[in-house]
Amino acid sequence: MDYPDEAAFDAELNRLTSICIRIVVAAKKEGIEVGMMAMRAAETGLLAPEDYEIVSRVFLAKD
């Protein structure tokens, strides 16, 4: 993805970071793996498909 400037890049980075944090917190609360929580969020429409693709790569890279 191309960003017009550094501010746009930073805004997108902050948005995706926030999504990741919320998924990790929700997974810990439910006692499940973060990948499973991300999948649930995508399946229920709480996470857009394109965001799921990016977020799942982040969580897979951690393993």
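Colleague: Why does Arg 57 count as exposed?

Modeller: This is a predicted model, and the label comes from a computed value. Arg 57 has a relative accessibility of 55%, and exposed means over 50%, so Arg 57 is exposed.

Colleague: What makes Arg 57 and Glu 53 a salt bridge?

Modeller: Their closest N and O atoms are 2.9 Å apart, and the cut-off is within 4 Å. Arg 57 and Glu 53 therefore pass as a salt bridge. Both sit in helix 3, and because they are four residues apart, about one helical turn separates them.

Colleague: Is Glu 53 exposed or partly exposed?

Modeller: Glu 53 is partly exposed, at 42% relative accessibility. Buried would need under 20% and exposed over 50%, so Glu 53 falls in between.

Colleague: How many salt bridges does the structure hold?

Modeller: There are three salt bridges. One of them joins Arg 15 and Glu 12, at 2.9 Å from N to O. These two residues lie three places apart in helix 1 (residues 6-30), about one turn of the helix.

Colleague: What else forms a salt bridge with Arg 15?

Modeller: Asp 51 does, with its closest N and O atoms 2.8 Å from those of Arg 15. This pair links distant parts of the chain, as Asp 51 belongs to helix 3 (residues 49-62) and Arg 15 to helix 1, 36 residues apart.

Colleague: Now to the nonpolar side chains. Which residues make up the largest nonpolar core?

Modeller: That core has eleven residues, among them Leu 16, Ile 19, Ala 27, Met 37, Leu 47, Val 55 and Phe 59. Helix 1, helix 2 and helix 3 each give two or more residues to this core. The largest share, five residues, comes from helix 1.

Colleague: Why is Ile 19 called buried?

Modeller: Ile 19 has a relative accessible area of 10%, and buried means under 20%, so the label holds. Ile 19 is placed in helix 1. Leaving aside neighbours within four places in sequence, Ile 19 is in contact with Leu 47, Asp 51 and Val 55. Ile 19 and Val 55 are 36 residues apart in sequence, and their C-alpha atoms are 7.9 Å apart in space.

Colleague: What makes you say that the buried residues of helix 2 line one face?

Modeller: The buried residues of helix 2 (residues 34-43) are Met 37, Ala 38 and Ala 41. Viewed down the axis of helix 2, they fall within an arc of 100 degrees, so they line one face of the helix. After helix 2 comes Gly 45, with a positive phi near 85 degrees.

Colleague: How many aromatic pairs does a search of the whole structure find?

Modeller: The search finds one aromatic pair. Tyr 3 and Phe 9 form this pair, with 5.4 Å from centre to centre and 80 degrees between the planes.

Colleague: Which helix has the lowest mean pLDDT among the elements of the chain?

Modeller: Helix 3 has the lowest, 88, while helix 1 has the highest, 96. The chain averages a pLDDT of 92, and 97% of the residues score at least 70.

Terms used:
Residues numbered from 1 in each chain as written. Heavy atoms only, no water. Phe/Tyr/Trp six-rings, centres within 6.5 Å; stacked < 30°, edge-to-face > 60°. Buried < 20%, exposed > 50% of the residue type's maximum accessible area, 1.4 Å probe, protein only. Arc of directions from axis to C-beta. Salt bridge = Lys/Arg side-chain N within 4 Å of Asp/Glu carboxyl O. pLDDT = per-residue confidence, 0-100. Core = buried A, V, L, I, M, F, W, Y, C linked by side-chain atoms within 4.5 Å. Contact = heavy atoms within 4.5 Å.
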